[in-house]
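Okay, everyone, thanks for coming. Let me put the structure up, and then we'll walk through it.

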Amino acid sequence: MNISFRNKLLVKLFGAITISFLIASVALNSIIPIFFSDYYLSGELTPTMWNILTFFIFTFVISIFIISLILLTRKKLIYLNNITESVQEIANGNLGLEIELKGRDELTQLAKNINYMSKKLENTFEHERQLEFAKNELITNVSHDLRTPLTSIIGYADLLRNGQYDSKEKLQEYHETIFNKSQRLKHLMDELFEYTRLSSPDIKLNLSEVELVGIFEQIVGEYTPIFDKEQLCIQKTITVENIPVVVDIEKIVRVYENLFINAIKYSLKPSIVKMSFETKENKAVFTISNRVEQPPLADLSKLFERFFREDKARGDNRGTGLGLAICKRIVELHNGAIDVEYQEGWITFTVEYPLYS
């Protein structure tokens with residue numbers, strides 16, 4: 001039968017005290033015959049000498065007890081001192097420090113808890129540092145992207161204010177440019193606001209059970225004229241079965257729209273855009289593939305980073321760099337996954353959602 005003690009350290013301490021007491025008792029029984037022999041009991045031992053010997057004996061026995069107790073608890077005392085020094089190092093900023101685990105008592109559990117706390121503090125600090133870096137990066141990128149159309153708007157507005165145009169056609173061109181740049185500025189601010197809102201830890205989804213194929217067919221129908229205009233032919237492969245999921249419809253629609261817009265912008269023209277919708281292993285799987293002019297970068301995951309664009313010049317016709325980042329965040333909020341791969345001139349995005357059961 002196994003007996004477990006709730007306080008193992010107390011049991012060990014009690015055992016050490018007991019053993020030390022036994023050692024001291026043995027020492028006492030060994031020393032008494034030496035100092036209190038028949039010779040000393042014959043009457044030659046004065047009261048003063050009696051008191052001195054008694055004090056010496058008890059001092060000796062107590063010293064034996066203390067030394068024995070220290071020797072028996074030495075490892076635990078050293079381990080406790082090690083824990084104390086480690087906590088001091090963690091307090092001084094050495095986050096992530098781990099204490100070596102020894103034994104299976106309360107001190108070991110204390111060391112485990114301190115290690116967990118240390119790792120948690122390190123992760124929290126690292127997360128906050130990444131957030132600070134991301135915030136600074138976001139401010140830098142936003143400043144750049146807002147400045148580009150805003151500079152154009154100010155420039156053309158200044159030309160209009162000073163009457164620097166020589167024809168009605170030129171005036172119309174300036175007005176059209178200002179309008180387009182203003183629309184781009186609004187689009188960027190809308191996407192920035194949406195991404196910031198989606199990144200908030202307090203975001204709440206308006207979930208409802210829907211049939212995903214029907215929503216997808218409706219969006220494809222709305223975008224078909226745009227694909228036709230861009231000389232892109234849609235090739236669909238869609239399952240006939242129902243695909244029930246629990247999602248925020250508005251946000252899921254945004255995922256499809258962003259992927260459609262991405263395909264329209266970066267596809268070779270004229271060409272085909274392939275789309276498929278099916279179920280695999282209790283998941284709803286959507287893919288969209290389009291031909292591209294050249295292979296994308298080696299690390300395709302960077303396409304989902306904020307403000308990342310395939311061209312480094314940040315041309316106005318290449319988008320804000322937030323569309324795919326928004327897609328990734330929405331999909332993750334629905335416990336799904338989004339991936340991208342490139343093969344033989346085709347780039348394919350795959351989106352998966354868990355089926356509702």
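Let's start with one side chain. Ile-62 is partly exposed, because its relative accessible area is 48%, and that word covers the range between buried, under 20%, and exposed, over 50% (1.4 Å probe, protein chains only). Ile-62 sits in helix α3, residues 47–91. Helices here are DSSP runs of H or I with at least four residues, strands are E runs of at least two, and both are numbered from the N terminus.

Before I go on, a word on the source: this is a predicted model, where local features need pLDDT of at least 70, side-chain atom pairs count only at pLDDT 80 or more, and totals for chains, interfaces and linings use all residues. Residues are numbered from 1 along each chain as its sequence is written, and side-chain values use heavy atoms, with hydrogens and water left out.

Now, the whole chain. You've got eight helices and seven strands. Of its 357 residues, 33% count as buried. The chain exposes about 22800 Å², with carbon and sulfur atoms supplying 57% of that; the areas come from the Shrake-Rupley method with a 1.4 Å probe, and for residues only the protein chains shown count as cover.

On to the sheet. In what order do its five strands come? Reading across, it's β2-β4-β5-β7-β6, an open sheet with mixed pairing. The edges are β2 (232–238) and β6 (337–343), and each has a single partner strand, so one side of each is left without a neighbour in the sheet. Two strands count as paired if DSSP finds at least two bridges between them.

Let's zoom in on β5, residues 283–291. How many of its nine residues are buried? Seven are, so to speak, under cover. On one side, β5 pairs with β7 (residues 346–354) in the antiparallel sense, over nine bridges. Within that pairing, Val-285 has Glu-352 as its bridge partner, and Lys-283 has Pro-354.

β4 and β5 also run antiparallel, joined by seven bridges. Met-275 is opposite Ile-288 of β5. These two strands make a hairpin with three residues between them, and Glu-281 in that turn has a positive phi of about 50°.

So that's the picture: one partly exposed isoleucine, Ile-62, and a five-stranded open sheet in which β5 is mostly covered.
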